[in-house]
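Q: Before we start, please show me the model. I would like to learn how to read charged pairs and helix packing from it.

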Amino acid sequence: MIAMNAQASDLYTTHKPLLLSLAYRMLGSMSEAEDIVHEAFLAFDASANESIDNVRAYLCKIVTNRCIDRLRKLKKERTAYIGPWLPEPWVDDSGAADPQQSLERKDTLSTAFLLLLEKLTPAERSVFVLREALDYEYGEIAGIVGKSEANCRQLLRRARMKLAGWEEAQQPRTARSSALVDEFVAALSAGDAGRLMRVFTTDAALLSDGGGKVIAAKRPILDPQLIATFLVSVNEKRKEASGIEMTTVNGLPGFIQHVGGSVHGVYSFALRDGLISAIYIMRNPEKLRHIQISASHGA
């Protein structure tokens with residue numbers, strides 16, 4: 001990390017959780033979110049002689065603008081992406097609350113929700129995240145995105161129309177959701193396809209992101225029986241050398257699969273009516289790098 005002065009360093013500790021939450025929801029990438037947040041503090045450090053009335057709003061504005069610029073470039077990059085695109089997993093099993101946690105809607109961290117946000121324009125996404133995920137008032141949002149309050153309300157309206165039904169689809173973390181993932185892991189470990197199918201909805205889907213760098217399903221699998229057969233078959237091939245680490249992935253129960261001491265994949269889920277409606281498997285090594293580094297430090 002490039003050195004910052006003492007004031008910027010203290011503010012970094014205070015505001016980083018909020019800014020990282022904002023940038024990650026905007027980009028769906030933990031590594032890029034961390035880079036943009038760090039750049040924002042360097043920009044703040046460079047403007048130390050300016051009069052800044054609201055540091056939090058100033059930092060949010062820098063992060064939001066940089067995320068919007070990055071999203072415009074990513075739109076072109078993702079059209080050439082090989083196979084399904086999934087957001088980088090946010091893995092957190094610390095259980096520790098950060099100062100921003102009480103303001104955030106944790107269901108807006110789910111993989112399913114981040115995929116829904118891909119329907120929005122960068123401007124719609126910024127207003128939607130600030131309002132619905134981080135509970136900002138319209139006056140604050142207007143100052144951050146550089147638009148009028150009326151314009152922000154219009155952007156939010158359009159975003160809600162594009163994401164119609166998103167609130168009903170969100171499910172908070174419960175004891176039942178943890179038990180459901182535990183049952184999934186038990187059935188997978190036992191190689192029991194029939195048992196796996198019993199935890200799926202009838203319209204369950206599986207998406208696997210390898211980014212063209214490792215073997216992964218290049219198209220979504222949409223049939224519960226095919227999903228169960230696929231999972232059991234793939235798991236059998238690496239059963240002897242694999243291990244599963246239960247954790248929290250994007251705010252919900254999930255797990256990391258280790259093979260030969262390395263992070264092989266991260267599984268996250270969408271839940272509906274007490275069953276699993278979607279399985280998301282991240283296998284792209286570039287999107288697992290931050291988890292591999294964390295695992296190495298932990299070891």
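Q: Which residues are linked in a network of salt bridges?

A: Side chains of opposite charge can pair when their charged atoms come close. In this predicted model, such a network links Glu32, Arg70 and Glu77.

Q: How many salt bridges does a search of the whole structure find?

A: The search finds 16. One of the pairs is glutamate 39 with arginine 66, where the closest N and O atoms are 3.0 Å apart. Glutamate 39 is in helix α2 and arginine 66 in helix α3, 27 residues apart.

Q: Is arginine 78, the partner of glutamate 118 in a salt bridge, buried or exposed?

A: The cut-off for buried is under 20% relative accessible area, so arginine 78, at 18%, counts as buried. Glutamate 118, at 31%, is partly exposed. Their N to O distance is 2.8 Å.

Q: At what angle do helices α5 and α7 pack?

A: Two packed helices are described by the angle between their axes and the distance between the axes. Here the angle is about 95 degrees and the axes are 8 Å apart. That makes α5 roughly perpendicular to α7. Residues in the contact include Val127 and Phe128 of α5, and Leu155 and Leu156 of α7. By class, the contact has seven nonpolar, no polar and six charged residues.

Key: Residues are numbered from 1 along each chain as its sequence is written. This is a predicted model: local features need pLDDT of at least 70, side-chain atom pairs count only at pLDDT 80 or more; totals for chains, interfaces and linings use all residues. Side-chain values use heavy atoms; hydrogens and water are left out. Axes are lines fitted to C-alpha atoms, for helices over the stretch in contact, and angles run from 0 to 180 degrees between N-to-C directions. Helices (H or I, at least four residues) and strands (E, at least two) are DSSP runs, numbered from the N terminus. Angles under 35 degrees count as roughly parallel, over 145 as roughly antiparallel, 65 to 115 as roughly perpendicular and the rest as oblique. Contact means heavy atoms within 4.5 Å. Ala, Val, Leu, Ile, Met, Phe, Trp, Tyr, Cys and Pro count as nonpolar, Asp, Glu, Lys and Arg as charged, and the others, Gly among them, as polar. A salt bridge is a side-chain nitrogen of Lys or Arg within 4 Å of a carboxyl oxygen of Asp or Glu. Buried means under 20% relative accessible area, exposed over 50%, partly exposed in between (1.4 Å probe, protein chains only).
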